[in-house]
Amino acid sequence: MPSVRHQLLARLIPRLRKSRELDDEPTERARVERWHEGLDRSLPTGSVRRFRQRFSVVTERLPGGFPSYSIVRRGTLPSRTVLYLHGGGFMAPMSAWQVRYAARLADVMGARVVMPDYPLAPEHSWRDSHDDLVALAARLATEADLVIAGDSSGGGLALAIAESVRDRGGPQPRRLLLISPWVDLTTSTPETAALDPIDPWLYIGKVHAYAGWWAGAPDDLGRPEVSPGLTDLTGLPPALMFCGTRDLLVPGCRLLVRRAAEAGWDLTYVEEPDLIHVFPILPGIPEARRAWRRTVDFLRG
């Protein structure tokens, strides 16, 4: 049974965010574009106690013009790097919860955690950031032991980047960490729609709209850079993936598991009954603590 705190978050967060299904795609696009006009895109550190005293941040401007933040615990010389791609349906900026999780990786793992603030849909598509992110990952892999990680849409982006790094040769990441990743933007799994009534956070109409925005064109929905779960999975580093069964993205994760087995890819999958989207990064729930212990063991292995 899910914990009481998990159940409270599942009910409370959508209400606080006033989450609901979209009315139609043009109205949703206009709403998101208006929201983007007033966004504060600075690093949201408010969920991390004494962040500035405990961590240093170096900001790098990537060739495409967007920033990438490197977080390091003060007083450490990291020997490993985590490239963390934030989720948010490709249309939301990084959240305080994601920065909290990244800071925890920097603290406990003694790692440098790199968080790119990539351009968002619908104003931008995958084409506006993919090459820069692949080049960043390839460079980081030459500098230190590298893990590529991400949650939700960022989890799918992490997998897409790993595939492109593989295809272009050179040093590879040592591990992948995928938290409720969005790996099939075509939504080719028919059972996805059946989960819509039980997922309290994600909505099938928004999933279709945001997928189209990120792809930029219908013909790009199935591209490896957009739907990395549908392409060649051979030659990838060992990966750990989490997902809950009250998650619209769980059919895509199951598809990835089946295709990984066919490809001989070392993918460890942890599926938790009745848990919601990105549960491993939610604050203060026992399910997240269990996932954290497993994650640390995997990344140190």
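The model is predicted, so local features need pLDDT of at least 70 and side-chain atom pairs count only at pLDDT 80 or more, while totals for chains, interfaces and linings use all residues. Residues are numbered from 1 along each chain as its sequence is written, and side-chain values use heavy atoms, without hydrogens and water.

**Exercise 1.** Classify the aromatic pair formed by Y210 and W213.

*Solution.* 
1. Rings of Phe, Tyr and Trp (its six-membered ring) pair if their centres lie within 6.5 Å; planes under 30 degrees apart are stacked, over 60 edge-to-face, and the rest tilted.
2. The search of the whole structure gives nine aromatic pairs. In one of them, the centres of Y210 and W213 are 5.1 Å apart and the planes make 40°, hence a tilted pair.
3. Buried means under 20% relative accessible area, exposed over 50%, partly exposed in between (1.4 Å probe, protein chains only). Y210 is buried because its value is 9%, and W213 is buried because its value is 4%.

**Exercise 2.** Describe the lining of the second largest cavity by class.

*Solution.* 
1. A cavity is a set of points on a 1 Å grid over the protein atoms alone where a 1.4 Å probe fits but cannot get out; lining residues have an atom within 4 Å of a point.
2. The second largest cavity has about 40 Å³, and its lining includes F90, W182 and W214. F90, W182 and W214 also belong to one aromatic cluster, together with Y118.
3. Ala, Val, Leu, Ile, Met, Phe, Trp, Tyr, Cys and Pro count as nonpolar, Asp, Glu, Lys and Arg as charged, and the others, Gly among them, as polar.

Note on methods. On a 1 Å grid over the protein atoms alone, a cavity is a set of points where a 1.4 Å probe fits but cannot get out, and a pocket is an open set with protein on both sides within 12 Å along at least five of seven lines; lining residues have an atom within 4 Å of a point. Grid points are joined across faces, edges and corners, and a volume is the space filled by probe spheres set on the points.
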